[in-house]
Amino acid sequence: AMGPNTPGGQQAMELYVSATTLFNESPAPLNDLVRTHHLYIEPRPELTDPGLLDVPGALRRATGLDAETLWNALFALWAFWGTSTLTDLDAGRIAVNRNEYLANLPNLTEKLRVRWFGLATWDARALQSRIRRDYSIEDLRYWDVLPFEQRPLIAFGDVIYCASVPLLRRLPTGSLQHRLQDPSVFTRQESGTFLDTRGHLVERYTLDMLSRAYGDRFIREEELRALADGAKTCDGIIIYADALILLECKTASPLLRTRHAENYDAYREQWASRVPLAASQLHSTIELVRLGKFESLGISRSVHWEFFPVVAVFEQVVHPLMYRSVRNLDLADHPLSASMQAGHVRPVQLMHIKDLELWEVAAENGRSVLDLLREKTSDPQHVELSFQHFVHLKGETFPSRNSAWHARRFREIMAETMAYFRQLGLPESTEMEGDAEDFGLPG
């Protein structure tokens, strides 16, 4: 029997909780669409490092479609099922004829139609062969739904079923990045270049979001580094009257083996290779504040600052067992940990990208993130929770809203998508771009 008190039991439980959390992860539909479009579909000329990847160009190489057309195709395939209702299901409308699926786009060529379906559709016989090859009764692999993640639609001749609407929804959102790591298209080195590029993209996205939310009170790394005399700095600081929130971005996504609960060591290495580096940058920045290096930025050494260190971890899931491993293993002998134990620095917080997007919503709705972090890090029962879990337990209402920027970008993207569909013959009477609610998304 395997349990928390048996050899390897705690590690197995931590990996199990991570895999279960990922398997049941709730989407943030509007933000997921906007974020993915921003990171991977839109050109980002502001990233000028010659060593970075042209992401839209790489998507064309991976799929044979330009990035905007690819996104529109995946969105169109999802929209049919994503807007289905319980009434449709009750009426038995659980399948669609291939010729009817995109019938409202009469100008879509047969060549493009075939290519669009190929992005998301299994032939039932081919899927059966894949399942029989990779799975068995002896090894069920409960969390491994990779074939359906890759292509959630299943064709029995001309009749198409959707195996999972949530997985289909991911194709134009989080799953899009996996096409940029396809080993049949990209070398290992090219995939590594994409991951490095993604780190720059996510960091820029995050810092721009905090600049919108906090204006001049958010100090970016470039300003800190200019005054640091070569010492390490974090990616940004939010200034309050007597407190500083320090942020360091370490972009990572869960490994496939983590999603399948298969390799604890590989899962742990993702944390062990990133969090201590982030902690060093946060600790160094705190020491620079104490030395008065940032006086010209309005961060006076004479103020008795309360320090709130935060590590942004992109898509890594945060839960208590994971947090304890980070504190007890990765930061065991780190000077930042000593400062936390002495009470000089608040307990470090690990933030998913969706957590940080809530910060912008909180700021727009008059809710202080500092107050929330102060309360969260003051209670041992709350320190280890994800930020989303914490605000849910508190009954906060702002998480149900979207930031003004995300709502505006959603409507702009939808307007562009609808214009493209109209070129393919979508009737003018079809209204989809008006409100987020038209797609079953939060407004």
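This is a short tour of a predicted model, stop by stop.

**Stop 1: confidence**

Colour the chain by pLDDT. The protein averages 92, and 96% of its residues reach 70 or more. Now select residues 438-443. Here the pLDDT is below 50, yet the stretch has 23 contacts in the model beyond near neighbours in sequence. Where pLDDT is low, predicted coordinates should not be read in detail.

**Stop 2: a helix pair**

Select residues 29-41, helix H2, and residues 67-82, helix H4. Their axes lie 11 Å apart, and the helices pack at an angle of about 155°. Angles over 145 degrees count as roughly antiparallel, so H2 and H4 are roughly antiparallel to each other. Their crossing is right-handed.

Show the side chains next. H2 makes the contact with Leu33, His37 and Ile41. H4 brings Ala67, Glu68, Trp71 and Phe75. By class, that contact has 5 nonpolar, 1 polar and 1 charged residues.

**Stop 3: the four-stranded sheet**

Move on to the open sheet of 4 strands, ordered E1-E4-E3-E2. Its pairing is mixed. Which strands stand at the edges? They are E1 (95-97) and E2 (121-123). Each has a single partner strand, so one side of each is left without a neighbour in the sheet. From one strand to the next, the twist averages 30°.

Zoom in on E3 (residues 153-156) and E4 (residues 159-162). These two run antiparallel and are joined by 4 bridges. Pick Ala155: its bridge partner in E4 is Ile160.

**Stop 4: the five-stranded sheet**

Now find the open sheet of 5 strands. The order is E5-E6-E7-E8-E9, and the pairing is again mixed. Strands E5 (218-220) and E9 (349-352) stand at the edges. Each of them has a single partner strand, so one of its sides is left without a neighbour in the sheet. Neighbouring strands are turned by 25° against each other on average, direction ignored.

Select E8, residues 306-314, together with E9. How do E8 and E9 pair, in the parallel or the antiparallel sense? The pairing is parallel, over 4 bridges. Click Phe314 and look across to E9: His352 stands opposite.

**Stop 5: the helix on that sheet**

Notes
Residues are numbered from 1 along each chain as its sequence is written. This is a predicted model: local features need pLDDT of at least 70, side-chain atom pairs count only at pLDDT 80 or more; totals for chains, interfaces and linings use all residues. Side-chain values use heavy atoms; hydrogens and water are left out. Two strands pair if DSSP finds at least two bridges between them. Axes are lines fitted to C-alpha atoms, for helices over the stretch in contact, and angles run from 0 to 180 degrees between N-to-C directions. pLDDT is the predictor's confidence in each residue, from 0 to 100. Contact means heavy atoms within 4.5 Å. Angles under 35 degrees count as roughly parallel, over 145 as roughly antiparallel, 65 to 115 as roughly perpendicular and the rest as oblique. A crossing is left-handed if the near helix is turned anticlockwise from the far one by less than a right angle, and right-handed if clockwise. Ala, Val, Leu, Ile, Met, Phe, Trp, Tyr, Cys and Pro count as nonpolar, Asp, Glu, Lys and Arg as charged, and the others, Gly among them, as polar.
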